[in-house]
Amino acid sequence: MRVNLHIATILVVLLIHAAMYNTSVDGGKLIGDYSKLSGIIIPGFASTQLRAWSFLDCPYSPLDFNPLDLVWLDTTKLLSAVNCWLKCMLLDPYNQTDHPECKSRPDSGLSAITELDPGYITGPLSSVWKDWVKWCIEFGIEANSIIAVPYDWRLSPSMLEERDLYFHRLKLTFETALKLRGGPSIVFAHSLGNNVFRYFLEWLKLEIAPKHYNQWLDEHIHAYFAVGAPLLGAIETVKATFFGNTFGLPVSESSHLPPQYFSPFFLLRLLKSVIQTGLTAVTFTSLIEAFGCLSYYLVLLDLDAYSNTCLSCILARHFAGGFRKGHHTYQCEEQEFRLNYSGWPTNIVNIEIPSVRGFGAYPSVTELAQTNLSSMECGLPTQLSFSAREISDGTLFKAIEDYESDSKRLLYQLKKSYHDDPVLNPLTPWDRPPIKNVFCIYGIDSRTEVGYYFAPSGKPYPDNWITTDVIYELEGSLYSRSGNLVEGNPGAASGDDTVPYNSLSLCKNWLGPKVNITRAPQSEHDGSDVQVDLNVEHQHEEDIVPNMTRSPRVKYITYYEDSESIPGRRTAVWELDKASHRNIVRSPALMRELWLQMWHDIHPGAKSKFVTKAKRGPLRDEDCYWDYGKARCSWSEYCEYRYLFGDVHLGQSCRLKNSS
């Protein structure tokens, strides 16, 4: 691949100028040697390879598990030795220890997060950060300046530190990068990786003297890019605890072994499908609750993004007296309890409970045969509704204890792994991290699930629940699965197909009272469709809705930027139209903007706090394409037609010019 020479020339000039300066920070902008920056990547849920760390003989299968064999994700063993595979994936739901016969540990290095199942066919289908790393290589980034910090995404954050000393090692990674490169690092975190990084910042407060905490952050972290951060959690986890989740993949509910096995985000639905095949006696819900990280999404559901009353509150009526130890127990006003849906678009769970108590929703086949149905009273089921707050504090699972056998395990995990965590109270507001430069980036206006209707299925456990309806948010409205409009509190936009909008956009609270807003097309553009609105007033804990137009055929990036409210600090929020939660890290538009912003930061003569959005030309051969209307390559100033052997269409022969 060839980088546009005029861009490369600019970069060389920048490096020459930067070499004249010592590395320092001025007003949040790095002034110094570009080569001294390091990149720290914290991957998201199920985005790290897990490898076996034991010997496991698999009966009735020629494939056994040996140390260092790939577990997550080895599709061959998953399909041919599923019982063994589940043993290597399972954790004890109470203490999160390994299965007695097999244990797995996260891989290390960039290879652990680039492709989960390397192979000619499975590699591209399981690609996560590979495109990101390719961009780094294409633009001349040194191999030792990009550092991946994989982790065991099955564990709760407290167990990550207790078992693997993960946060101690993460601190050493930052310090080693500073010593090796001579400059601070840029943190790239995706999805669950943002929750892990937040926990690290809180853990660091206990490791470093308070007067040195901010100094350590300024010396070691130049910028933090929070990509697709579920700041208030993700409600799909609720559905996963009942019976699995496709995570947005086009998998039929009735399919047993869907073809999308190679995607890194299908785990929860896959495990349900494995159970439906009858190949194992291990229940799906047991495995789900064994993953401590999933409760992280549940406890965060309590926070209210734009409520003016008591952002973090534990319902004392359910957990009174000593439920929280070592933290303040926040008490809310009565108005907070009456607030519709806890500030979310709608109640997250609406569930029908059998009217006859004692006859659960999960009877075994034996219990069904022994029950004298004629002695049972007839009655209609009771429908209960639960808000985000009542899920995060465990009220939902306490209410269905008599009908759901796994409720006790979930309640135990919520309390032990999160509510009693001595490092971080997950029910407190997520304030702006004390880092010089913070960029919060997420996709909007995709159809995203925000509520469910559950009912007993009449079948034995684990298939004892069914989904009767789903509530979606889409571009500022709420819809049911049948397409009917639903009343509620929809936001100005919708989420990224996985995380709801109010969870993603919580970081707008990090912006100050005056915000500059820019809207520009995601694709290359000449600036004619760029809209700018300066010094827009922003009320804290309220959303910012730009008064700008949209072309229905154009995908935009909307930038909210603030460099004045906190001296020497910059805060920005980027909203990418139709960017999927799982694929946003592979978005060419996002990667282009990240590079331009970093190049801007190291420019010693840069006058503005943020890079200009006035124009975006092609940076790579892939950005050039054939303009059929003009019968030539687009962007003729930068691109030219140059056929190479193997090109199969005109656009493929459009490449960057050899000279600017």
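**Nonpolar cores and salt bridges**

In the largest nonpolar core, which has 144 residues, Phe 197, Phe 200, Ile 441 and Trp 574 touch the most other members. A nonpolar core is a set of buried Ala, Val, Leu, Ile, Met, Phe, Trp, Tyr and Cys residues joined through side-chain atoms within 4.5 Å; buried means under 20% relative accessible area, exposed over 50% and partly exposed in between (1.4 Å probe, protein chains only). Helix H21 (residues 588-602) supplies the largest share of this core, 9 residues. Helices (H or I, at least four residues) and strands (E, at least two) are DSSP runs, numbered from the N terminus.

The model is predicted: local features need pLDDT of at least 70 and side-chain atom pairs count only at pLDDT 80 or more, whereas totals for chains, interfaces and linings use all residues. Residues are numbered from 1 along each chain as its sequence is written, and side-chain values use heavy atoms, with hydrogens and water left out.

The whole structure contains 28 salt bridges, each defined as a side-chain nitrogen of Lys or Arg within 4 Å of a carboxyl oxygen of Asp or Glu. In one of them, Lys 130 pairs with Glu 115, with the closest N and O atoms 2.8 Å apart. Lys 130 is partly exposed, at 29% relative accessible area, whereas Glu 115 is buried, at 12%.

A salt bridge also joins Lys 508 and Glu 575, whose closest N and O atoms are 2.9 Å apart. Lys 508 lies in the loop between helix H20 (501-504) and strand S16 (514-521) and Glu 575 in strand S19, so the pair ties together parts 67 residues apart in sequence. Both Lys 508 and Glu 575 are buried.
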